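The sequence and structure are shown first.

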Amino acid sequence: IVSFDSNDTWIFNIVIALVMFGVALGITKEDFKNLLKKPKILLSGLFAQFFIFPLVTFLLIITINPPPSVALGMILIASCPGGNVSIFLTQLSGGNSAFSISLTAFMTLFAGLFTPFCLSFLGNLYEPTSGILKEIQLDHYKLVRLVILTLGVPLIVGMFINHNSKALANKISKILKPISLLIFIGFIIVVVKNNFDVFINYLKYVILIVIIHNLSGMVSGFYFGKLMNLSLPYQKTLAFELAIPNVGLALLLVFAFFNGLGGMALCVGFWAVWNVISGLLLSFYWKKKLKKIINT
């Protein structure tokens with residue numbers, strides 16, 4: 001068990017909401033309209049996020065047979081929508097930024113229903129994790145409410161401010177984004193520090209699993225986009241949307257509903273670090289490859 005009390009959980013909840021609010025300040029209703037004009041691209045993104053990655057995750061769990069708590073952490077990761085880091089990495093790699101922003105916004109709107117459903121469905125479908133869900137008696141209503149309050153409400157409020165005053169939205173965003181990010185990183189550091197022995201002793205059991213899982217998200221997103229005949233920028237975007245989920249939300253759910261269950265916390269915690277590393281490596285690779293094409 002990883003230590004994290006109820007007061008910390010509520011503070012962390014507010015931090016995640018602030019991060020989402022900062023992202024929403026840069027989203028407009030035009031982002032939704034532009035995506036709705038391209039139904040094939042929208043449906044490809046939604047299908048990849050809501051079906052392909054959860055399916056790949058489930059097949060991976062059956063294949064490698066990880067400890068039940070780690071498997072539940074993998075399912076939780078696959079159930080979460082993309083976050084602001086995926087938008088940044090898409091921009092860095094030469095992906096389609098508008099698509100990334102729009103898709104993240106769409107996923108966030110659906111997350112209130114999808115995340116609890118996917119977590120419950122896949123968790124109960126796999127017998128070892130089904131026992132954990134029954135033991136903790138997961139409150140689905142509370143889970144839906146928390147996801148909506150943490151993601152949906154900040155998204156709507158942020159978009160409302162941006163719609164009525166872009167200047168104000170830009171001012172708030174410039175202040176809020178770095179502050180909320182620093183607070184988020186600070187919380188991760190505090191949790192690791194307070195549970196350092198747990199992380200050191202058991203991290204070796206999840207490192208390889210997380211790396212393989214993260215890679216499977218990148219590969220499945222990229223090649224599903226290719227299968228749907230989407231252009232390279234869209235393929236890159238899907239790779240990041242699947243492989244770089246909203247880990248902050250996942251961490252919040254681990255501590256709010258699973259009492260800091262060790263395997264879940266370790267899995268999601270290492271994801272928080274590794275997906276940034278792998279995402280940056282892939283971004284720089286694509287950026288370097290693009291420069292070579294331009295120069296030849």
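## Helix packing and nonpolar cores

In this predicted model, helix H3 (residues 39-64) packs with helix H6 (residues 97-125) at an angle of about 30 degrees, and their axes are 10 Å apart. Angles under 35 degrees count as roughly parallel, and H3 and H6 are therefore roughly parallel to each other. The crossing in which H3 passes H6 is right-handed.

On the H3 side, the contact is made by Ile41, Leu42, Gly45, Leu46, Gln49, Phe50, Pro54 and Phe58. H6 contributes Phe99, Leu103, Phe106, Met107, Phe110, Phe114, Cys118, Leu122 and Leu125. Sorted by class, the contact of H3 with H6 holds 15 nonpolar and 2 polar residues, with no charged residues.

Serine 102 also has its place in helix H6. Its relative accessibility is 4%; because buried means under 20%, serine 102 counts as buried.

The largest nonpolar core has 73 residues, of which Ile27, Leu76, Leu253 and Val268 touch the most other members. H6 supplies the largest share of this core, 11 residues. Apart from this core lies another, of 9 residues, including Phe240, Ala243, Ile244 and Trp286.

Conventions
Residues are numbered from 1 along each chain as its sequence is written. This is a predicted model: local features need pLDDT of at least 70, side-chain atom pairs count only at pLDDT 80 or more; totals for chains, interfaces and linings use all residues. Side-chain values use heavy atoms; hydrogens and water are left out. Axes are lines fitted to C-alpha atoms, for helices over the stretch in contact, and angles run from 0 to 180 degrees between N-to-C directions. Helices (H or I, at least four residues) and strands (E, at least two) are DSSP runs, numbered from the N terminus. Angles under 35 degrees count as roughly parallel, over 145 as roughly antiparallel, 65 to 115 as roughly perpendicular and the rest as oblique. A crossing is left-handed if the near helix is turned anticlockwise from the far one by less than a right angle, and right-handed if clockwise. Contact means heavy atoms within 4.5 Å. Ala, Val, Leu, Ile, Met, Phe, Trp, Tyr, Cys and Pro count as nonpolar, Asp, Glu, Lys and Arg as charged, and the others, Gly among them, as polar. Buried means under 20% relative accessible area, exposed over 50%, partly exposed in between (1.4 Å probe, protein chains only). A nonpolar core is a set of buried Ala, Val, Leu, Ile, Met, Phe, Trp, Tyr and Cys residues joined through side-chain atoms within 4.5 Å.
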